[in-house]
Amino acid sequence: MNEKIHVKTKINDNDVEFLCEARQSLLEVLRDVLDMTGTKEGCNDGNCGACTVILDGQIVDSCLVLAVEVSGKTITTIEGIAGVDKLHPIQQAFLEQAALQCGICTPGFIVASKALLDREPNVSEGRIRHWLAGNLCRCTGYDKIVRAVMAAQENTK
Ligand code: FES
Ligand code: FES
């Protein structure tokens with residue numbers, strides 16, 4: 001029998017409590033326990049960035065974080081990016097620049113891009129490409145994604 005562990009955390013400004021097994025990843029708990037399926041599972045081994053969330057201000061691959069590790073920490077997922085009644089400028093720019101196709105990688109790119117623009121409001125194309133190097137997309141060819149982040153930074157200042 002797998003004993004469940006009680007975890008208290010904060011997700012998208014809400015106090016959240018859940019029960020999980022010691023072996024479960026944060027990605028697994030977000031999707032399968034909390035029904036927050038915006039965070040995507042790609043490789044499940046830390047290579048694609050589809051599962052990116054912000055944990056205490058740092059971007060992490062949630063498939064590599066044990067859910068028990070987030071006790072007392074603060075998490076932002078893709079569900080916490082948009083405003084109450086409108087998209088975040090990065091989300092809007094992804095739509096306007098057609099920076100997505102299948103969309104599996106998109107939440108990870110948007111969360112990672114938000115973390116970048118929050119800390120560096122004036123970024124070069126090279127810096128964006130370097131920052132997003134851990135996020136893989138098999139559809140878009142990356143140019144539209146980078147263009148979207150460039151466009152979004154004008155609206156996030
Ligand atoms: S699913 Fe986590 S890095 Fe690919
Ligand atoms: S839009 Fe399909 S993997 Fe990026």
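Modeller: Let us begin with the angle classes. Angles under 35 degrees count as roughly parallel, over 145 as roughly antiparallel, 65 to 115 as roughly perpendicular and the rest as oblique. The model before us is predicted. Here the axes of helix α2 (residues 89-96) and helix α3 (residues 106-119) cross at roughly 130° and come within 10 Å; α2 and α3 are therefore oblique to each other.

Colleague: Which residues of α2 and α3 make the contact?

Modeller: From α2 the contact draws on Ile90, Gln91 and Phe94, and from α3 on Thr106, Ile110, Ser113 and Lys114. Sorted by class, the contact of α2 with α3 comprises three nonpolar, three polar and one charged residues.

Colleague: Is the crossing of α2 and α3 right-handed or left-handed?

Modeller: The crossing in which α2 passes α3 is right-handed.

Colleague: Turning to the strands, how many bridges join β1 to β2, and do the two run parallel or antiparallel?

Modeller: In general, side chains in a regular strand alternate between the two faces of the sheet. In this case strand β1 (residues 4-11) and strand β2 (residues 14-21) run antiparallel and are joined by eight bridges. Opposite Lys4 stands Glu21 in β2. The two strands β1 and β2 form a hairpin with two residues between them, and Asn12 in the turn has a positive phi of about 50°.

Colleague: What is the bridge partner of Ile11 in β5?

Modeller: Ile11 has Ile75 as its bridge partner in β5. Strand β5 (residues 74-76) runs parallel to β1, with two bridges joining them.

Terms used:
Residues are numbered from 1 along each chain as its sequence is written. Chains are lettered from A and ligands numbered from 1 in the order in which they are written. This is a predicted model: local features need pLDDT of at least 70, side-chain atom pairs count only at pLDDT 80 or more; totals for chains, interfaces and linings use all residues. Axes are lines fitted to C-alpha atoms, for helices over the stretch in contact, and angles run from 0 to 180 degrees between N-to-C directions. Helices (H or I, at least four residues) and strands (E, at least two) are DSSP runs, numbered from the N terminus. A crossing is left-handed if the near helix is turned anticlockwise from the far one by less than a right angle, and right-handed if clockwise. Two residues are in contact if their C-beta atoms, placed from the backbone, lie within 7 Å. Ala, Val, Leu, Ile, Met, Phe, Trp, Tyr, Cys and Pro count as nonpolar, Asp, Glu, Lys and Arg as charged, and the others, Gly among them, as polar. Two strands pair if DSSP finds at least two bridges between them.
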